[in-house]
Amino acid sequence: MSDIVAERLGAVLLVHFNRPDRGNAIGGTLLRDLAEVFDEARRDDSVHVVVTTGEGKNYCVGADIADLEKAVDVPARELLASNKIGGDKGVAPLSFHEMQVDDLGNAGRVVSRLWALDKPTIAAVNGAAVGGGFAIALLHDIRIAAENTRIGTAFTSLGLAPELGASYLLPRIVGSSVAADLLLRSEILPADRALDVGLVSEVVPVGQLTARALDLAEQIARKPPLATRWTKRLLRTSATGDFTDQLRHEHLAQVNLFDQKATREAIRETVNRLGKGG
């Protein structure tokens, strides 16, 4: 059985992390399968939005304890360029010399593939989303949480630093001070506190989580898909460039979008509706 189960619901792809007996921990083939599903979603024009959630009680508890126990005696460069922690990541093995100059690690290589998905993504976070599971949730554009959610970093509690892009994304989501507090103290937040600091945009009853995530996804999926794709790109470039750079990115988006059939149809529909007082 695959560690990722993907289900098509119209223009929405619902992705389940499928290691419930391990709390959907990062191990087995979870990262490899997730990267493959994200690659396919990026290439498939009929997929407009991707939603992820955890099978069973948890979203993703982070590193598999079984892997951590085996990893403590393995040299760091060997460990981080291998499948000995985090499972199969679907990346090619490095030679000995490549390993000595590697500055990305297997985790960095696989998360770069996840980050390459330039379509809207929603994390429907249930139960625990900790460590690497927390970092995976941060890769999404929108995060909503069930009332039973516990979310946080846990890295420093293990004597480690953030990974999977968490140190890049978290300050951009909650601000530098809150990010520093969460990363340095490794505090695990309940859902209401995660909402307060801006980690999630809403909290819903446990039994309504998937339905609410799919409702949001379907609302987005009904928009012209290139409009939402360009909007996601603009949100990303806004985090790295200056104001004038962003104006150029916005202009490029509009130059592309005004020529699209779906854009012209959306404009005509809006003009007709407003013209009729709708």
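1. Helices (H or I, at least four residues) and strands (E, at least two) are DSSP runs, numbered from the N terminus. This note concerns a predicted model, in which local features need pLDDT of at least 70 and side-chain atom pairs count only at pLDDT 80 or more, while totals for chains, interfaces and linings use all residues. Residues are numbered from 1 along each chain as its sequence is written, and side-chain values use heavy atoms, with hydrogens and water left out.

2. The six-stranded sheet. Six strands form an open sheet of mixed pairing, in the order E1-E2-E3-E4-E6-E9. Here two strands pair if DSSP finds at least two bridges between them. E1 and strand E9 (202-204) stand at the edges with a single partner strand each, so one side of each has no neighbour in the sheet. Neighbouring strands of this sheet are turned by 20 degrees against each other on average, direction ignored; the axes are lines fitted to C-alpha atoms, for helices over the stretch in contact, and angles run from 0 to 180 degrees between N-to-C directions.

3. Pairings within that sheet. Strand E1 (residues 4-9) and strand E2 (residues 12-17) run antiparallel and are joined by six bridges, with Ile4 opposite Phe17 in E2. Two residues lie between the strands of this hairpin, in which Gly10 takes a positive phi near 65 degrees. E2 also pairs with E3, in the parallel sense, over six bridges; Phe17 stands opposite Gly54 in E3. Strand E4 (residues 121-125) runs parallel to E6, with four bridges between them, and Ala124 stands opposite Ile144 in E6.

4. Is strand E3 buried or exposed? Six of the six residues of strand E3 (residues 49-54) are buried, so the strand is largely enclosed by the rest of the structure. Buried means under 20% relative accessible area, exposed over 50%, and partly exposed in between (1.4 Å probe, protein chains only). In a regular strand the side chains alternate between the two faces of the sheet. In E3 both faces are covered: Val49, Val51 and Thr53 are buried on one side, and Val50, Thr52 and Gly54 on the other.

5. The three-stranded sheet. Three strands form an open sheet, also of mixed pairing, in the order E5-E7-E8. Its edge strands, strand E5 (128-130) and strand E8 (188-190), each pair on one side only. E5 and strand E7 (residues 150-152) run parallel and are joined by three bridges, and Ala128 stands opposite Arg150 in E7.

6. The largest pocket. On a 1 Å grid over the protein atoms alone, a cavity is a set of points where a 1.4 Å probe fits but cannot get out, whereas a pocket is an open set with protein on both sides within 12 Å along at least five of seven lines; lining residues have an atom within 4 Å of a point. Grid points are joined across faces, edges and corners, and a volume is the space filled by probe spheres set on the points. The largest pocket has a volume of about 1,200 Å³. It is lined by 49 residues, of which Leu80, Ala107, Phe155, Glu163 and Leu164 are the closest to its centre. H5 gives the most to this lining, with seven residues. By class, the lining has 30 nonpolar residues (Ala, Val, Leu, Ile, Met, Phe, Trp, Tyr, Cys and Pro), 12 polar (the others, Gly among them) and seven charged (Asp, Glu, Lys and Arg).

7. The second largest pocket. This pocket has a volume of about 470 Å³. Of its 21 lining residues, His140, Asp141, Lys232, Leu235 and Arg236 are the closest to its centre. H11 gives the most to the lining, with five residues. The lining draws at least three residues from each of domain 1 (4-222) and domain 2 (225-275), bounds that come from an automatic or database domain assignment.

8. About 50 Å³ of space lies in the largest cavity, which is lined by Phe38, Leu114, Trp115, Leu117, Thr121, Leu139, Lys232 and Arg236. H5 and H11 each supply at least two residues of this lining, and by class the lining has five nonpolar, one polar and two charged residues.
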